[in-house]
Amino acid sequence: RAAGGGMPGPRTDIGYGQQQQQPEQWKQFAHQAARFFIMKCGSQRSIDESLQSGLWQTSTMTEKKLLEAFTSCQNVYLIFSVQTSGHFQGYARMTGIGPMGGSNGVVQVEWIKRANLPFQRCHHLHNPWNENR
């Protein structure tokens with residue numbers, strides 16, 4: 001474990017294209033440290049508006065999932081991709097529920113990085129909790 005009893009640090013012995021073989025050791029931290037969500041949006045304009053406002057508009061179903069994660073772990077990260085772009089456009093950390101107190105599909109976000117990252121650059125990453133996809 002990392003200093004202070006937090007989540008262990010990232011593995012540095014995994015080579016390009018290799019999958020981590022023991023996801024069980026990480027599951028105990030899944031609801032403590034961070035949750036990650038891929039947010040698909042219809043246009044770049046949605047991302048630009050979020051960058052300006054610090055808010056992200058989503059469906060009420062997705063909002064429920066985000067709020068559940070937000071109340072059960074320390075950090076919720078949203079990774080954004082415009083549909084059919086073939087890229088990730090950036091990521092943000094969820095900082096709260098929407099300005100109307102929730103149930104309106106809006107969450108507060110703090111953008112960490114805005115950049116275009118081609119999906120091909122991420123093919124070596126695998127999610128052990130989603131059939132290693």
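Q: Before we start, what should I know about the model and its numbering?
A: The model is predicted, so to speak of local features we need pLDDT of at least 70, side-chain atom pairs count only at pLDDT 80 or more, and totals for chains, interfaces and linings use all residues. Residues are numbered from 1 along each chain as its sequence is written, and side-chain values use heavy atoms, with hydrogens and water left out.

Q: Great. What is the strand order in the sheet?
A: The order is E1-E3-E4-E5-E2, in an open sheet of five strands with mixed pairing. Strands here are DSSP runs of E with at least two residues, helices are runs of H or I with at least four, and both are numbered from the N terminus. Two strands pair if DSSP finds at least two bridges between them.

Q: Which strands stand at the edges?
A: Those are E1 (34-41) and E2 (55-57). Each has a single partner strand, so one side of each is left without a neighbour in the sheet.

Q: And how do E1 and E3 pair, parallel or antiparallel?
A: They pair in the parallel sense, over eight bridges. Ala-34 stands opposite Asn-75 in E3.

Q: What about E3 and E4?
A: E3 (residues 75-82) and E4 (residues 87-97) are antiparallel, with four bridges. Ile-79 stands opposite Tyr-91 in E4. Their hairpin has four residues between the strands, and Thr-84 takes a positive phi near 65° there.

Q: Is E3 mostly covered or exposed?
A: Mostly covered: seven of its eight residues are buried. Buried means under 20% relative accessible area, exposed means over 50%, and partly exposed is in between (1.4 Å probe, protein chains only).

Q: Switching to helices, which strands does H3 lie across?
A: Helix H3 (residues 60-72) lies across E1, E3, E4 and E5, and runs at about 160° to E1. For angles like that, axes are lines fitted to C-alpha atoms, for helices over the stretch in contact (heavy atoms within 4.5 Å). The angles run from 0 to 180 degrees between N-to-C directions.

Q: How many salt bridges does the structure hold?
A: Two. A salt bridge is a side-chain nitrogen of Lys or Arg within 4 Å of a carboxyl oxygen of Asp or Glu.

Q: Where are Arg-45 and Glu-49?
A: Both are in helix H2, four residues apart, which means they are separated by about one helical turn. Arg-45 counts as exposed at 60% relative accessibility, while Glu-49 counts as partly exposed at 42%.

Q: And what does Arg-93 form a salt bridge with?
A: With Glu-110, the closest N and O atoms being 3.8 Å apart. Arg-93 lies in strand E4 and Glu-110 in strand E5, so the pair ties together parts that are 17 residues apart in sequence. Arg-93 is partly exposed at 25% relative accessibility, and Glu-110 is partly exposed at 41%.

Q: Okay, is Cys-41 buried or exposed?
A: Cys-41 is buried, with a relative accessible area of 5%. Cys-73 counts as buried too, at 11% relative accessibility.
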